[in-house]
Amino acid sequence: TVHCVPACHLIWLFAATVSVAAMPGPRRGAGNGKEGCYGFAPLRQQLLTLWKRSPGTKDGATTGEQLAQLRAALHAADRAGESVDGALLGMAAAKCARLGDATPVSLLCSFAGPRLESCGARAVVELASAAAKLNCMDPGFLRAAMSFFASPPAGSFESLRDAACAAKVLLQSLKDGSAMVNHEGAIRGLSEVVPPLARVTAGTEPGAIVRDAVEFSHALAHSLAFGLSLSLEEFRAAEAALEAVLVLIRGELHTASARDVAMFAGAVAAAWGPMEGLRVAVLEPCLADAAQAARFWGQTFSLQDLCAV
């Protein structure tokens, strides 16, 4: 049986279809991650899927279909101008790094690059660290990350751990010979946020703050050894940051591991050349402390650690 549709109904159906097609997208910043927000909920779901994966399971590697869905969700969120859930972006990238899954990290970095200001320091560090670890660093994202490190929003760096990870990304960029990157500005920006963070706070796990301070000093000192053209202000900022973390390490060296002591000695040795003004007051006592630690705790040191000291 063929049913005839009145002409008025056809006109109404056509008008409704045109109205839906012409509906405006979401307002910039309107996305809040809830179901039903145009474009943002699919991206949030994709990021949660990446973050919830477990190593050694069928969910450990991203399939072609999952990559296509992630790419589509990122594209939709970009076109819609949705606000960025920086924390979730960083968490997803960090999980991909642990699983050795580079392709999603490349997509996330490409999406986040133009909007790092709204991501927060922790997310930027996690994205950059994942890209560096998986050797999938996009030059455009690297430049954006270094610009963020050079002028981070006030209060964005909340822990020495984040600054240490950022410094390691900086050092890796120098080792890779990355061109057209503001390494000098990044050194100053990271150095300026470190002194207020270089302190032991209540509830800090013993040895954790030392590990963070050691890794920051090691990365910063070896970055300075590349002979960058630092301005006086940039050099003074790096000098103050290095002094702050080395003094912190000396005070907490009894909680350090053998690896920490070896890296501590390596940082002091790398800083010896460029930081001539710190040699007598800071660097020489640090070397003496590292030697004492190796003397009294030598049985816990590996041969590699002893050689480094």
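Mentor: First a term: buried means under 20% relative accessible area, exposed means over 50%, and partly exposed is in between, using a 1.4 Å probe and protein chains only. By that rule F149 is buried, with a relative accessible area of 0%. Keep in mind that this is a predicted model, where local features need pLDDT of at least 70, side-chain atom pairs count only at pLDDT 80 or more, and totals for chains, interfaces and linings use all residues. Residues are numbered from 1 along each chain as its sequence is written, and side-chain values use heavy atoms, with hydrogens and water left out.

Trainee: Okay. How many aromatic pairs does the structure hold?
Mentor: Two. Rings of Phe, Tyr and Trp (its six-membered ring) pair if their centres lie within 6.5 Å; planes under 30 degrees apart are stacked, over 60 edge-to-face, and the rest tilted. F148 and F149 are edge-to-face, 6.3 Å centre to centre with 75 degrees between the planes.

Trainee: And F157, what does it pair with?
Mentor: F149, and that pair is tilted: 6.3 Å centre to centre, 55 degrees between the planes. Ring pairs link F148, F149 and F157 into a cluster.

Trainee: Is F157 buried or exposed?
Mentor: Buried, at 7% relative accessibility. F148 is buried too, at 2%.

Trainee: New topic. Which residue lies over the face of F111?
Mentor: R115, at 4.2 Å from the ring centre. A charge sits over a ring if NZ of Lys or CZ of Arg is within 6 Å of the ring centre and within 35 degrees of the ring normal.

Trainee: Where is S223 found?
Mentor: In helix α10, residues 208-224. Helices (H or I, at least four residues) and strands (E, at least two) are DSSP runs, numbered from the N terminus. S223 is buried, with a relative accessible area of 0%.

Trainee: What is S223 in contact with?
Mentor: Leaving aside neighbours within four places in sequence, S223 is in contact (heavy atoms within 4.5 Å) with L170, L171, L174, I187 and L228.

Trainee: Last one: what about D260, where is its place?
Mentor: Helix α12, residues 258-272. D260 is buried, with a relative accessible area of 2%. Not counting residues up to four places away in sequence, D260 touches V210, R211 and V214.
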